[in-house]
Amino acid sequence: MSNNSISKTFIVATLLCVVCSVMVSGAAVFLKPAQERNKALDKKKNILAAAGLYKDESQNIDELFKKVETRLVDLATGTYVSDINATSFDAYAAAKDPKLQVMLTREQDKAGVKRIAKYAPVYLVQEGGIVQTIILPIHGKGLWSTLYGFIALATDTNTVKGLVFYEHGETPGLGGEVDNPLWKAIWPGKTVFDDSWNPVVQILKGAVNPQDAGAIHQVDGLSGATLTSRGIEGLLRFWLGETGFGPYLTKLRQEGGSNG
Ligand SMILES: Cc1cc2nc3c(=O)[nH]c(=O)nc-3n(C[C@H](O)[C@H](O)[C@H](O)COP(=O)(O)O)c2cc1C
C-alpha cells in the first residue's frame with residue numbers, strides 16, 4: 001500500500017488513536033489507587049491542620065492521625081451511629097441517596113446546599129483517652145463555588161481551635177483568601193455560640209473592633225470578597241445550628257464531652 005494512500009492514512013491514524021487511548025486508560029486505572037491514597041491522606045492532613053496538629057511536611061500524617069477517632073453522628077438526634085463504618089462513609093454521596101438524604105427547606109438552608117446526608121462523620125482528637133478537640137466537616141456555597149472544610153472546636157463545644165477549607169473555586173486574591181494563613185490565624189480563640197447556644201459567629205465587612213462587645217464572635221471580612229465571607233458565615237451557622245451538628249454538640253455538653 002502506498003504511503004500516500006487515503007486508506008493507509010486512516011489505518012495509521014486509527015491505530016495511533018487506539019494505542020494512545022489504551023495508554024491513557026491504562027495509566028488512569030493504574031494510578032487510581034495512588035490517587036485515592038493521596039486523597040485520603042490529604043483529608044487527614046486537613047483534619048489535623050484544623051486541630052492545629054499539622055505544622056509542616058516533615059510530620060508523618062498517618063502517625064499523627066492515630067490520635068484521631070472517626071465516628072458517625074445521626075444529625076437529627078446527635079447520637080453516634082455504630083452499625084455503619086464511619087471511616088468509609090461518604091456524606092456527599094449519601095446526600096444524593098433518597099434513603100440517606102435530608103432535603104432542606106429554604107429557611108433551613110443557610111449553607112445553600114439544598115440537601116445533606118442524615119449522618120455525618122466527626123473527628124475526635126484524644127490525648128490519654130480524653131477528648132481534646134472535636135473536628136466537624138462543613139461545606140456550603142461561597143460566591144462561585146461550594147467550599148469544603150473543617151472547623152475544630154475545643155471541648156467546651158464553643159471555642160474555635162482552627163478553620164480550614166481544602167476545596168473551593170473562589171477567586172485567588174479575593175474569596176481565595178480563605179486560604180491565607182493570616183486570615184486563618186484570626187479564628188483560634190473565637191467563640192461561635194452566644195449564652196443561649198445560638199450560633200452567632202460573624203464575618204464582618206471590614207475589621208473587628210476589639211472594644212466591641214461581640215468581638216469574641218467576630219472575624220475580619222475578606223477584603224473585596226463580601227459574598228464569599230457571607231457564604232462562610234452562613235455555612236458555619238448552618239453546620240453549628242439545629243439542622244447541622246447542633247443536637248450533637250448539645251449532647252456533648254450535657255454528657256460532659258464523652259457522649260458515648
Ligand atoms: C473577576 C471577579 C472575581 C470575583 N471573585 C470574588 C470572590 O471570589 N468572592 C467574592 O466575595 N467576591 C468576588 N468578586 C467581587 C464580587 O462580585 C462583589 O463585588 C464582592 O463580593 C463585594 O465585596 P466587597 O463589598 O468587599 O467589595 C469578584 C469580582 C470579579 C469582577
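The side chains of Glu127 and Lys67 meet in a salt bridge with an N to O distance of 3.3 Å, a salt bridge being a side-chain nitrogen of Lys or Arg within 4 Å of a carboxyl oxygen of Asp or Glu. This pair links distant parts of the chain, 60 residues apart: Glu127 belongs to strand 5 (residues 119-127), and Lys67 to the loop between helix 2 (61-64) and strand 1 (68-74). Helices (H or I, at least four residues) and strands (E, at least two) are DSSP runs numbered from the N terminus. Glu127 is partly exposed, at 36% relative accessible area, and Lys67 is partly exposed at 31%; buried means under 20%, exposed over 50%, and partly exposed in between (1.4 Å probe, protein chains only).

The model is predicted: local features need pLDDT of at least 70 and side-chain atom pairs pLDDT 80 or more, whereas totals for chains, interfaces and linings use all residues. Residues are numbered from 1 along each chain as its sequence is written, and side-chain values use heavy atoms, with hydrogens and water left out.

The structure holds seven salt bridges. One of them joins Glu36 and Lys32 (3.5 Å, N to O). Glu36 and Lys32 are separated by about one helical turn because they stand four residues apart in helix 1. The relative accessible area is 42% for Glu36 and 44% for Lys32. Another salt bridge connects Lys45 with Asp42 at 3.9 Å, N to O. Both of these residues also lie in helix 1, three residues apart, about one turn of the helix. Lys45 is partly exposed at 27%, as is Asp42 at 32%.

Helix 1 (residues 6-50) also contains Ile11, which is partly exposed with a relative accessible area of 44%. Together with Met1 and Leu15, Ile11 forms a nonpolar surface patch of about 340 Å² accessible area. Patches are made of residues with over 30% relative accessible area and no salt bridge, like charges being joined within 9 Å and nonpolar side chains (Val, Leu, Ile, Met, Phe, Trp, Tyr) within 5 Å. Areas come from the Shrake-Rupley method with a 1.4 Å probe, and for residues only the protein chains shown count as cover.

Polar side-chain atoms lie 2.5 Å (Thr171), 2.6 Å (Thr228) and 3.1 Å (Trp144) from a nitrogen atom of the ligand. Taken alone, the ligand exposes 620 Å², of which the protein buries 57%.

Note on methods: Polar contact = N/O pair within 3.5 Å; in protein donor to acceptor, adjacent residues only side chain to side chain.
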